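The entries below follow the order in which I checked them.

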Amino acid sequence: MRPDPATTFETERPRLLRLAYRMLGAHAEAEDVVQDAYLRWHRTLDAGEEIASPPAWLTRAVSRLCLDRMKSARSRRETYPGTWLPEPLIEAEDDALRPDNLTLSLMLALERLSPLERAAFLLHDVFGQPLDDVADTIGRSLAATRQLASRARAHVRLDQPRYEVPREIGEEIARAFFAACSTGDATALAAMLAEGATLHSDGGGKVLSYPNVIEGAPNLVRLFMGLHRKFGNAMQFIEVTVIDGLPGFVARFDGQLQTTALEIAGDRIAAIYVTRNPDKLGSVLRH
């Protein structure tokens, strides 16, 4: 008896959503792509075509749909107001359930790749697709696909985190960082920040944020102290969590929902990623 198509698709849906999100950096677009793949899946089966490997067929369909969207997505980001960050992905509680090890900082590194390089790297290196299947998916020769994946790997390697931070340590640092920001403890903040720490803040031109990356621990301490003087204790803690593989927390600042992800190097915070654009926080509210 042929497996139920709907059941087969629902089994694959979480993996397909994650693939589409990693390729596009946006939950709503990822969901649209997966829904389009579902419709193609049904039309193909209704036409009586036999699909030898549903997971491979669905992966190919989602990947090609993503590639169609990536050119326009890149164009939109070139005119995006201020710093662009991918929509935050709140991770599972159990690290063992995470099917890949991409962090938010690596997602930003992927943005510098061409669509084909990004697709080759994600499909082969992250989602474990055989290289010849990847070549078929992106419509390139095996040799060209191997070169695309190799170039992407070289670029991404430069942004690969050098430190693995145990979840409990990451949570401890995230809580301490929140406490220092919310109480205006400059000494604690300075002790937590690496000398070259950076702040990336995405408000999408809709809410308060900083259009440019802010660099250097002294500048960041001054900025956070200035915010505390202006707004007082305006930050309401909601939960500590993992955001795209990085320790962080969800909070409200002056009534506006935001996520803060922290990249840790050794025992110091090397980068802070704050997402405040309300258009990017729908999945956080649903979480």
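I looked up Glu171 and found it partly exposed at 23% relative accessibility, where partly exposed lies between buried, under 20% relative accessible area, and exposed, over 50% (1.4 Å probe, protein chains only). This is a predicted model, in which local features need pLDDT of at least 70, side-chain atom pairs count only at pLDDT 80 or more, and totals for chains, interfaces and linings use all residues. Residues are numbered from 1 along each chain as its sequence is written, and side-chain values use heavy atoms, with hydrogens and water left out.

Next I checked the partner. Glu171 forms a salt bridge with Arg167 at 3.4 Å, N to O; the term means a side-chain nitrogen of Lys or Arg within 4 Å of a carboxyl oxygen of Asp or Glu. Arg167 is buried, at 15%. Both residues sit in helix H8 (residues 167-183), 4 residues apart, so about one helical turn separates them. Helices here are DSSP runs (H or I, at least four residues), numbered from the N terminus.

I then counted the salt bridges and got 12 in the structure.

I looked at Glu29 and Arg69, whose side chains meet at 3.8 Å, N to O. This pair links distant parts of the chain, Glu29 in helix H2 (residues 27-46) and Arg69 in helix H3 (residues 54-78), 40 residues apart. Glu29 is buried at 15%, whereas Arg69 is partly exposed at 24%.

Last, I checked Arg60, which has a salt bridge to Asp136 with the closest N and O atoms 3.0 Å apart. Arg60 in helix H3 and Asp136 in helix H6 (residues 131-138) are 76 residues apart. I noted Asp136 as partly exposed, at 41%.

Note on methods
Helix = DSSP H or I, 4+ residues; strand = E, 2+ residues; numbered from the N terminus.
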